[in-house]
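Here is a short briefing on a protein model. Look at the structure first, then work through the points below.

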Amino acid sequence: MSTQEIPEENLPAGQDTAHGAVKVADNPFVDPGLPPHKPRVQDIDEKAARRSERAVAFMFVLSMLATIGFIASYVIFPVDKIVYIWPFGHVSALNFALGWTLGLALFFIGAGAVHWARTLMSDVEIADERHPMAASPEVKAKVMADFAAGAAESGFGRRKLIRNTLFGALALVPLSGVMLLRDMGPLPERKLRTTLWAKGKLLINMNTHEPLRPEDVAVGSLTFAMPEGLSEHDHNFQTEIAKAALMIVRIQPEDIKDKRELEWSHEGIVAFSKICTHVGCPISLYEQQTHHVLCPCHQSTFDLSDGARVIFGPAGHALPQLRIGVNDKGFLEAHGDFDEPVGPAFWERG
Amino acid sequence: MKKLSARRRHPLAAVVVLLLALAATGGLYAAFAPAGTAKADETAQSLAIEEGKKLYSVGCASCHGTGGQGTSDGPSLVGVGSASVDFQVGTGRMPAQQPGAQVPKKKVIYTQAEIDQLAAYVASLGAGPVTPKEGQYSPEGADIAKGGELFRTNCAQCHNFTGEGGALTHGKYAPSLEGVSPKHLYEAMQTGPQNMPSFPDTTMPEKEKKDIIAYVQAVNGDETASPGGLSLGGLGPVSEGLFAWIFGLGALIAVAIWVAAHTAKAKKS
């Protein structure tokens, strides 16, 4: 910066502040201009320029070789070939080779271009002045005159009927777009409030696909169940299991603090919805000693020994409990659907 | 008889009697041998329980009580079964270093023989899950794909999709399953150590446990292939994205700064 061409009167030494008023320059923010151009080695020394040229060409050649390597590895390596490469571990030879060769091919094009631009292309500094933003007064005047003439000729201000109906048409047009939003429906109706669970439906173990018996469910164990009649091959399986998923645990009856929970259980076997009441994540991080269930999404924690009460986190209400019992054949069965909608709250939930 | 009587003082008579007696003893032994083995087994078992009780009194009784009844420092061991002991002591979790949210895995300090004796003693306190035999937990010939399905239904919520483990509440955590032996995996599912729920044979049959073990070994073993290159801990898209943003973008910025910081001018200023 020291050699920039700054007008003499703008430099501190040019101002005599000790005697009398400070002499203010006509324009204290005058453009200092560009620093003087300094040459590169390559601008002075033709040999250095040749070296740079070879270096750039060398990088481009490396890129070519890498591309050939890419094509060669694609042909050579079978898809399922696994090799051990430190420190990456057991990796696919094909992926590894393709990634590196393509990466190097792209890198050397970039590196060559940067080196080329830095050492060989012209580096003379150039400043281009911006043209003024405002239009000339003659153009401005002509535009205003044309506009006034057009407004008068159209009769927009005089023919009020046309003006008002035009406003009406413009106001109504967006309604057709709003109308199309209806296609995002149909409205869920009662689908959010009901699940496949119903009176007498057996609890089917999701591991074995067999109906559960109370003696199968040990204290401290965790089991997942789906309603009888639902199959993983059904086209609506995901839609239905997303609401009906059930987690079953057994707690010593004397450890259950909530009276209704105990009533709705069968000898300490309790069935709760597996869908978090916050935003509906599947939730089954069950700690068998504390009876807490943690949601992995936002850390809502429910106490399964106390009516699945929320003890931590953003969830708004307890996990719905399914009332269960035992049928005359000794299998666990539901006594009905959940008595409240499962999963996250919605406007009309109540 | 007279002949026999006359020869009873013959010098070889004693040898003949001895031989007959030996033969009779041998025959009797052969006839009653099974009963004899059972008795020997029982003795070995009670010996193991005896030895186990001695080990228990030294290493475990201070927390679990002198008769395994439990104290304020440790739960009762009545009915936990030999499988629990084999898991807890065999993975070094027990004896515990200090009380806390969760007892971590550490160096195993008992030999397998001592662990078996401890297990025999604890099993004698009350019936519980029995230490599995190799045929029960060996993942050979198991269905890995089915195991993956079962793992995602039952285990992945805490242990992550490939058994990398994860956090739970108040300092508790689901440990990584890397390097855990098939036997210990089986015992953990069967007994539900610490805060892990159990998955008894009634709800998850032996075959399904084998499938799960085979899956864990396939996706989280020493030889597990990671076709995409660095697995970055197998923790999922967040860590992978973070790696790309910090290291990938960071490297680009570093190169850009390096290029700009090195002037190409002949006279450096």
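Chain B is divided into domain 1 (18-131) and domain 2 (132-226). These bounds come from an automatic or database domain assignment. This is a predicted model: local features need pLDDT of at least 70, side-chain atom pairs count only at pLDDT 80 or more, and totals for chains, interfaces and linings use all residues. Residues are numbered from 1 along each chain as its sequence is written, while chains are lettered from A and ligands numbered from 1 in the order in which they are written.

**The two domains of chain B**
- The centres of domain 1 and domain 2 of chain B, taken over C-alpha atoms, are 26 Å apart.
- Domain 1 of chain B gives 15 residues to the contact, and domain 2 of chain B gives 13. Two residues are in contact if their C-beta atoms, placed from the backbone, lie within 7 Å.
- On the side of domain 1 of chain B that touches domain 2 of chain B, there are 6 nonpolar, 7 polar and 2 charged residues. Ala, Val, Leu, Ile, Met, Phe, Trp, Tyr, Cys and Pro count as nonpolar, Asp, Glu, Lys and Arg as charged, and the others, Gly among them, as polar.

**A helix pair in chain B**
- Two packed helices are described by the angle between their axes and the distance between the axes.
- Helix 4 (residues 81-90) and helix 9 (residues 182-191) of chain B have axes that come within 9 Å and cross at roughly 125 degrees. Helices are DSSP runs (H or I, at least four residues), numbered from the N terminus. Axes are lines fitted to C-alpha atoms, for helices over the stretch in contact, and angles run from 0 to 180 degrees between N-to-C directions.
- Helix 4 and helix 9 of chain B are therefore oblique to each other. Angles under 35 degrees count as roughly parallel, over 145 as roughly antiparallel, 65 to 115 as roughly perpendicular and the rest as oblique.
- On the helix 4 side of chain B, the contact residues include B:Gly81 and B:Phe87; on the helix 9 side of chain B, they include B:His184 and B:Thr191.
- The residues of this contact of helix 4 with helix 9 of chain B are 3 nonpolar, 6 polar and 2 charged.

**Where chain B meets chain A**
- In this contact, 35 residues of chain B touch 41 residues of chain A.
- Helix 7 (144-154) and helix 8 (156-159) of chain B each supply at least two residues of the chain B side.
- The largest share of that side, 3 residues, comes from helix 7 of chain B.
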